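Try each task before reading its solution.

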Amino acid sequence: MSFDCTIERNGDTLVVVPEGDVDIDNAAVLRQVLQQVIDRGDCPHVEVDMSSVTFLDSSGLGMLVAARRAAEAKGATLRLSNPGPVVRMVLEVTNLHDSFVVAK
């Protein structure tokens with residue numbers, strides 16, 4: 001499946017919107033985007049809008065955990081928003097839902 005990613009600014013938050021599968025084939029692309037956003041350091045909050053993510057595997061999940069740690073090391077926060085059913089299930093099974101997802 002194809003993968004795309006856009007970035008939007010919403011006040012003091014940069015919103016990254018991946019579209020498609022976040023799996024072993026695409027996790028590196030999203031990792032690179034998130035690293036660039038975090039390294040910019042001009043926004044204290046990074047939100048990854050998961051509404052258009054159709055699949056999330058362990059490589060994608062591991063990349064998101066690493067990105068959250070990288071953000072915290074720079075004094076920023078990284079949270080997920082709008083997870084669909086598949087992403088929500090993965091986050092709940094791994095007990096990461098409450099620590100990762102922005103309540104909306």
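Buried means under 20% relative accessible area, exposed over 50%, and partly exposed in between, using a 1.4 Å probe and protein chains only. The model is predicted, so local features need pLDDT of at least 70 and side-chain atom pairs count only at pLDDT 80 or more, while totals for chains, interfaces and linings use all residues. Residues are numbered from 1 along each chain as its sequence is written, and side-chain values use heavy atoms, with hydrogens and water left out.

**Exercise 1. Positive phi**

Find where Asn82 and Asn95 lie, and classify how accessible each one is.

Solution. Begin with the background: most residues other than glycine have a negative phi.

Step 1: Asn82 is not a glycine, yet its phi is positive, at about 55°. Asn82 sits in the loop between strand 5 and helix 3 (85–93). Helices (H or I, at least four residues) and strands (E, at least two) are DSSP runs, numbered from the N terminus. With a relative accessibility of 33%, Asn82 is partly exposed.

Step 2: Asn95 is not a glycine either, and has a positive phi of about 60°. Its loop runs between helix 3 and helix 4 (97–100). Asn95 is exposed, at 67% relative accessibility.

**Exercise 2. Cysteines**

How many disulfides does the model have?

Solution. In general, a disulfide is a covalent bond between the sulfur atoms of two cysteines.

Step 1: apply the cut-off, which asks for a pair of cysteine sulfur atoms within 2.5 Å.

Step 2: look at Cys5. The closest cysteine sulfur to that of Cys5 belongs to Cys43 and is 15 Å away, so the gap is too far for a bond. Cys43 is likewise in no disulfide, as its nearest cysteine sulfur is that of Cys5.

Step 3: the count is therefore zero disulfides by this rule.

Step 4: Cys5 is partly exposed at 21%, whereas Cys43 is buried with a relative accessible area of 7%.

**Exercise 3. Two helices**

Are helix 1 and helix 2 roughly parallel or roughly antiparallel, and which residues meet?

Solution. Step 1: take the axes, which are lines fitted to C-alpha atoms, for helices over the stretch in contact, with angles running from 0 to 180 degrees between N-to-C directions. For helix 1 (residues 27–40) and helix 2 (residues 58–73), the axes come within 10 Å and cross at roughly 10°.

Step 1: angles under 35 degrees count as roughly parallel, over 145 as roughly antiparallel, 65 to 115 as roughly perpendicular and the rest as oblique. The two helices are therefore roughly parallel to each other.

Step 2: list the contacts, where contact means heavy atoms within 4.5 Å. Helix 1 contributes Ala27, Leu30, Arg31, Leu34, Gln35 and Ile38, and these meet Ser59, Gly60, Met63, Leu64, Ala67, Ala70 and Ala71 in helix 2.

Step 3: sort them by class. Ala, Val, Leu, Ile, Met, Phe, Trp, Tyr, Cys and Pro count as nonpolar, Asp, Glu, Lys and Arg as charged, and the others, Gly among them, as polar. The contact has nine nonpolar, three polar and one charged residues.

**Exercise 4. Polar contacts**

Step 1: Asp42 lies in the loop between helix 1 and strand 3 (45–49) and is partly exposed, at 37%. Its side chain makes a polar contact of 3.4 Å with that of Arg9 and another of 2.9 Å with that of Arg40.

Step 2: Ser81 belongs to strand 5 (residues 77–81) and is buried, at 0% relative accessibility. The side chain of Ser81 is joined to that of Glu47 by a polar contact of 2.7 Å.

**Exercise 5. Two histidines**

Solution. Step 1: His45, in strand 3, is partly exposed at 30%. The residues in contact with His45 beyond those neighbours are Asp12, Thr13, Leu14 and Thr77.

Step 1: His97, in helix 4, is buried with a relative accessible area of 16%. Beyond its neighbours within four places, His97 is in contact with Arg88, Leu91 and Glu92.

Conventions
Polar contact = N/O pair within 3.5 Å; in protein donor to acceptor, adjacent residues only side chain to side chain.
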